[in-house]
Amino acid sequence: MRDTRIFFKLGELVQLKQDIPNKPIMMVGKIPKSRRVMEDAPSVLIGVICFWFTEDKRYQERLFSTKDLEKVKLQK
């Protein structure tokens, strides 16, 4: 089976996969993980916290599932 997971790094530019009007380009700000319930258990990824600025320059920050995000490909 092929691994189709996408991993994000701090500072990467991302956007929502859904086709919605005016979706912002966001930056990955934090990658929080849950606490371990048992000492031997690995921590679990909660999601990705992204931030962006609105058109009227207001700072926004939200937690997104990695399944809802895609990396932004900048055109040169």
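Leaving aside its neighbours within four places in sequence, with which residues is E12 in contact? E12 is in contact with F7, M26, M27, V28 and K71, where contact means heavy atoms within 4.5 Å.

## Basis of the model

This is a predicted model, in which local features need pLDDT of at least 70 and side-chain atom pairs count only at pLDDT 80 or more, while totals for chains, interfaces and linings use all residues. Residues are numbered from 1 along each chain as its sequence is written, and side-chain values use heavy atoms, with hydrogens and water left out.

## Overall architecture

The protein chain has 0 helices and 5 strands, and its elements follow the pattern β-β-β-β-β from the N terminus on. Helices (H or I, at least four residues) and strands (E, at least two) are taken as DSSP runs and numbered from the N terminus. Of the 76 residues in the protein chain, 21% are buried. Buried stands for under 20% relative accessible area, exposed for over 50%, and partly exposed for values in between, with a 1.4 Å probe and protein chains only. Among contacts between residues at least 6 apart in sequence, 33% join residues at least 24 apart.

The 5 strands form an open sheet in the order 4-3-2-1-5, with antiparallel pairing. Its edge strands are strand 4 (59–64) and strand 5 (69–71), each of which pairs on one side only. On average, neighbouring strands of this sheet are turned by 45 degrees against each other, direction ignored. The axes behind this angle are lines fitted to C-alpha atoms, for helices over the stretch in contact, and angles run from 0 to 180 degrees between N-to-C directions. Strands of a sheet pair through backbone hydrogen bonds, either parallel or antiparallel.

Two strands are said to pair if DSSP finds at least two bridges between them. Strand 3 (residues 48–53) pairs with strand 4 in the antiparallel sense over 6 bridges, and I49 stands opposite L63 in strand 4. Strand 1 is joined to strand 2 (residues 26–30) by 2 bridges and to strand 5 by 3 bridges; both pairs run antiparallel. V14 stands opposite M26 in strand 2 and also opposite K71 in strand 5.

## The nonpolar core

The largest nonpolar core has 10 residues: F8, V14, L16, M26, V28, V48, C50, W52, F64 and L69. Strand 1, strand 2 and strand 3 each supply at least two residues of this core, and strand 3 gives the most, with 3 residues. A nonpolar core is here a set of buried Ala, Val, Leu, Ile, Met, Phe, Trp, Tyr and Cys residues joined through side-chain atoms within 4.5 Å. In soluble globular proteins, nonpolar side chains tend to be buried together.

One of the core residues is W52. Leaving aside its neighbours within four places in sequence, W52 is in contact with P24, I25, M26, R58, Y59, Q60, E61, R62 and F64. Q60 has its place in strand 4 and counts as buried because its relative accessibility is 16%. With the same exclusion of neighbours within four places, Q60 is in contact with C50, F51, W52 and T54. The side chain of Q60 also makes a polar contact with the side chain of R62 at 3.3 Å. A polar contact is a pair of N or O atoms within 3.5 Å; within protein, one must be able to donate a hydrogen and the other to accept it, and residues adjacent in sequence count only if both atoms are side-chain atoms.

## Charged pairs

Side chains of opposite charge can pair when their charged atoms come close. With a salt bridge defined as a side-chain nitrogen of Lys or Arg within 4 Å of a carboxyl oxygen of Asp or Glu, the count comes to 2 salt bridges. In one of them, the side chains of K71 and E12 meet at 3.5 Å, N to O. This pair links distant parts of the chain, with K71 in strand 5 and E12 in the segment before strand 1, 59 residues apart. The C-alpha atoms of E12 and K71 are separated by 7.4 Å. K71 counts as partly exposed because its relative accessibility is 36%. The side chain of E12 also reaches the backbone nitrogen of K9 at 2.7 Å.

The side chains of D56 and R58 likewise meet in a salt bridge, at 3.1 Å, N to O. D56 is partly exposed, with a relative accessible area of 49%, and R58 counts as partly exposed at 48% relative accessibility.
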